[in-house]
Each structure stands twice: as C-alpha cells, then as structure tokens.
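I opened this entry to record what I looked up, step by step.

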Amino acid sequence: MKANDVDLIQRVLDGDQDAFTTLVNKYQKSVHALVWRKIGDFHIAEELTQDVFLKAYNGLRCL
C-alpha cells in the first residue's frame, strides 16, 4: 500500500468522506475487472464491487 493510500485511510478515519471517494475512484475499475473475470457477469460484478467498497468502509469505521 502506498503512503498516499495510508494518508487517505487516515483522513477517512478522521471523518473525511471525500478521501474515501478518492480511494473508490482509484481502485474501482481494478476491483470490478477482477470480479468480472471471476464471476463472468458484468452487472453482478458491479453489484459485488459496490459490496466490496461498502464492506471496506464499514471495516474502517470499526477501527
């Protein structure tokens, strides 16, 4: 993980919603492509990608 990502995560933990948006924008295409290759359905991969980021966000809130 790059230092910039660590900084963004710290900003999320400090309540900065825009920092999480930045992380999503940075990784969304890669995560979606990986899920799509594994699942084989573009639209289901979109839903699962959303679930991934929601779980990541909720996991950060628990820290």
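Predicted model: local features only at pLDDT ≥ 70, side-chain atom pairs only at ≥ 80, totals over all residues.

**Entry: the whole chain**

I checked the secondary structure. The protein chain has three helices and zero strands. Along the sequence I read the pattern α-α-α. I then took the extent of the C-alpha trace, which spans about 35 × 20 × 15 Å along its principal axes.

Next I looked up the surface. The accessible surface of the protein chain comes to about 4,800 Å². Carbon and sulfur atoms hold 56% of that surface. I also asked what share of the chain is buried. Buried residues are 22% of the 63 residues.

**Entry: α1 against α2**

Helix α1 covers residues 3-13, and its axis comes within 8 Å of the axis of α2. The two axes cross at roughly 140°.

I listed who touches whom. From α1 the contact takes N4, D5, L8, I9, R11 and V12. From α2 it takes A19, F20, T22, L23, K26 and Y27. I sorted these residues by class: seven are nonpolar, two polar and three charged.

**Entry: α2 against α3**

I moved on to helix α2 (residues 17-39) and helix α3 (residues 42-61). Their axes come within 8 Å and cross at roughly 140°. What does that make the pair? I wrote down oblique, as for any angle in that class. I also checked the hand of the crossing, and α2 passes α3 in a right-handed one.

The contact list came next. On the α2 side I found Q17, F20, L23, V24, Y27, Q28, V31, H32, V35, W36 and I39. On the α3 side I found F42, I44, A45, E46, L48, T49, V52, F53, Y57 and L60. By class, I have 16 nonpolar residues, four polar and one charged in this contact.

**Entry: T49**

I picked T49, which lies in helix α3. Is T49 buried or exposed? I found a relative accessibility of 2%, so T49 counts as buried. I then looked up its contacts, leaving out residues up to four places away in sequence. T49 touches Q28, V31, H32 and V35. I had already noted Q28, V31, H32 and V35 on the α2 side of the contact with α3.

**Entry: L34**

I turned to L34, which sits in helix α2. Its relative accessible area is 42%, so I marked L34 as partly exposed. How far is L34 from T49? Their C-alpha atoms are separated by 9.3 Å, and the two residues are 15 apart along the chain.

**Entry: I44**

I44 has a relative accessible area of 41%, so I marked I44 as partly exposed. I44 is among the α3 residues in the contact with α2. I also took its distance to V24: C-alpha to C-alpha, the two are 18 Å apart in space. In sequence, I44 and V24 are 20 residues apart.

Notes: Residues numbered from 1 in each chain as written. Heavy atoms only, no water. Axes fitted to C-alpha atoms, helices over the stretch in contact; angles between N-to-C directions. Helix = DSSP H or I, 4+ residues; strand = E, 2+ residues; numbered from the N terminus. Parallel < 35°, antiparallel > 145°, perpendicular 65-115°, else oblique. Left-handed = near helix turned anticlockwise from the far one by under 90°. Contact = heavy atoms within 4.5 Å. Nonpolar A, V, L, I, M, F, W, Y, C, P; charged D, E, K, R; others polar. Buried < 20%, exposed > 50% of the residue type's maximum accessible area, 1.4 Å probe, protein only. Areas by Shrake-Rupley, 256 points an atom, 1.4 Å probe, with all protein chains shown as cover.
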